Amino acid sequence: MLLARVAEVSREVTAASARSRKIALLAELFAEAEPDESPLVIAYLSGRLPQGRIGVGWSVLKDVVPPAVPPAEGSALTLGQVDAAMAELAAVSGAGARAERSRLVHGLFSAATHDEQELLVRLLTGEVRQGALDAIALEGVARAAGVPALELRRAVMLEGSLPPVARAVLDEGASALERFTLRVGSPVQPMLAHTAASVAEAIADLGPCAVEEKLDGIRIQVHRRGDDVRVYTRSLDDITDRVPEVVATARAVAADGFVLDGEVIALDPGSGRPVSFQMISARVGSRVDVAGARAVLPLTAVFFDVLAREGEELIDRPGLERHAVLARLLPESQRVRRAVVTDPADPAQTAAAERFYADTLARGHEGVLVKALEAPYAAGRRGRTWLKVKPVHTLDLVVLAVERGHGRRTGLLSNLHLGARTADGGFVMLGKTFKGLTDEMLRWQTERLRELAVSDDGFTVRVRPELVVEIAYDGLQVSTRYPAGVTLRFARVVRHRPDKRASEADTVERVVEGR
Ligand SMILES: Nc1ncnc2c1ncn2[C@@H]1O[C@H](COP(=O)(O)OP(=O)(O)OP(=O)(O)O)[C@@H](O)[C@H]1O
């Protein structure tokens, strides 16, 4: 397939306002593509490169942004050629890398038409305006392959991503879906939670439920088959080598095969209270000297769900049943604490749930999750059957740009420009903040944002909109300075969220309407 065709559909999808029209356009595109090309089509439409970040920054791109390079007359670039060029670019390193990248990028842009050049820029800068593309791409594939979207979605959750499933169903049809089951060693997208204002509201919503402590660590999914243990993050990255303590815990379980869902935390050796997320994140994120870091900040794995055991898939079983399996697998110390409300009409039980919430906060945790006892595990979805209750309201926003620090912060990238998602896949800026950033966080974000930089006027560095930050704030205030007409009052950074994608950030509608 030609890149020009993807560029054309990408434009049409952006211009179409009806979701059904977008899906129809995508279905047509997937029907035309060879099944093997579909992973590239999905990636390019949603503005991702399969190679990830490939080191082409603004210093290289500014020389090729249209109209800098004369465009090719007719379209001839195929998706395969673009992919090969990106792979070549990703492999460049060492002395002379910048010149070599520049040479390769020039070559690619000279072979591209004007429209293709624009798509290439968007791919290389990460600036794609394709709202909720992953969800509609899934529906487009379902229609092109003639399979129900619901069944395709389940397969995608179990596989972890759309491209491999798309390739299989477009090639073989519905029968391919059977292959995508929960497998030990293949991470599935975790179930997520909605928010409730209070424990009472959550109980009223869910009926019989469990109130669990919300641990403030890093989500982990632990797979074990025989002696082989793998640990994945919420974004399904394999962190096995960084968390030897978790591997040891999983090996000690008296069962051969299972998939567990939980959180890795660190407890202060002195007080026994949980240490900050930022420190755990630094410990898990460190590529260096795991043994040394381990001595300083030992990690503890605590689990709250089990998705499979000894070859048996459990995700469709009620929560209560899964918890019974979990309780047989793990000692109490390795499970989250919880209080069960079997009868929401019993005041003694609801009072006990409220006490549990208060005690959890007093122990230094950030809140609770209230989970319906009957509900299955909704992999990859923000289910209505898990509700989180926290005393402080936070937003997940995307860093759009950052200002250079001055004074004590000279040399660091400090003041963050914060954006919420818009319905059309873009971002709208809601405000700026450098409050809440510790020295360690400043150092970390400076390094990360330098990698994401796309332009720099000496004062403000614009970045690919990829880094998510969790922001606490005291409310909204009307502002003519910001495009949504509002800005955040006393916004402060709670933490960076490298485990979240920009597509998971809060939408401006949610911020403004409190939804
Ligand atoms: N007992 C628990 N059950 C489920 N998730 C828990 C529990 N304790 C801590 N967590 C964490 O809370 C998260 C659930 O909240 P949510 O689905 O909103 O994700 P989130 O956006 O990362 O949440 P937040 O931003 O509030 O941490 C899980 O991803 C997990 O990391």
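The model is predicted, and local features are reported for residues with pLDDT of at least 70, side-chain atom pairs count only at pLDDT 80 or more, while totals for chains, interfaces and linings use all residues. Residues are numbered from 1 along each chain as its sequence is written.

**Overall fold**
- The chain has 515 residues and a radius of gyration of 24 Å, which agrees with the value near 24 Å for a compact globule of that length (taken over C-alpha atoms, with the globule rule being 2.2 Å times the number of residues to the power 0.38).
- The C-alpha trace spans about 75 × 65 × 50 Å along its principal axes, and the chain contains 18 helices and 19 strands (DSSP runs of H or I with at least four residues, and of E with at least two, numbered from the N terminus).
- Of the 515 residues, 39% count as buried, where buried means 20 or more other C-beta atoms within 10 Å of a residue's own, exposed means 12 or fewer, and partly exposed lies in between, with C-beta atoms placed from the backbone.
- Among contacts with a separation of 6 or more, 70% join residues 24 or more positions apart (a contact being two C-beta atoms, placed from the backbone, within 7 Å).

**Annotated domain**
- An unreviewed UniProt entry lists residues 304-422 as "domain: ATP-dependent DNA ligase family profile", in the numbering used here, with a shortened feature name and an annotation that may be inferred rather than shown by experiment.
- Over residues 304-422 the chain is 23% helix and 39% strand, and the end C-alpha atoms lie 33 Å apart.

**Ligand shell**
- There are 13 residues around the ligand, of which L192, A193, E212, R219 and F304 come nearest (near meaning a C-beta atom, placed from the backbone, within 6 Å).
- Strands β1 (192-195) and β2 (209-214) each supply at least two residues of this shell.

**Helix α12**
- In α12 (residues 244-251) the buried residues are V246, V247, T249 and A250, and these fall within an arc of 160 degrees seen down the axis, so they line one face of the helix (the arc being that of the directions from the helix axis to the C-beta atoms).
- A248 and R251 are exposed on the other side of α12, whereas its buried residues pack against β3 (218-225), β4 (228-232), β5 (257-266) and β6 (299-309).

**Residue E470**
- E470 lies in strand β16 (residues 468-472) and is partly exposed, with 19 other C-beta atoms within 10 Å.
- Leaving aside neighbours within four places in sequence, E470 is in contact with T394, D396, V494, R495 and R497.
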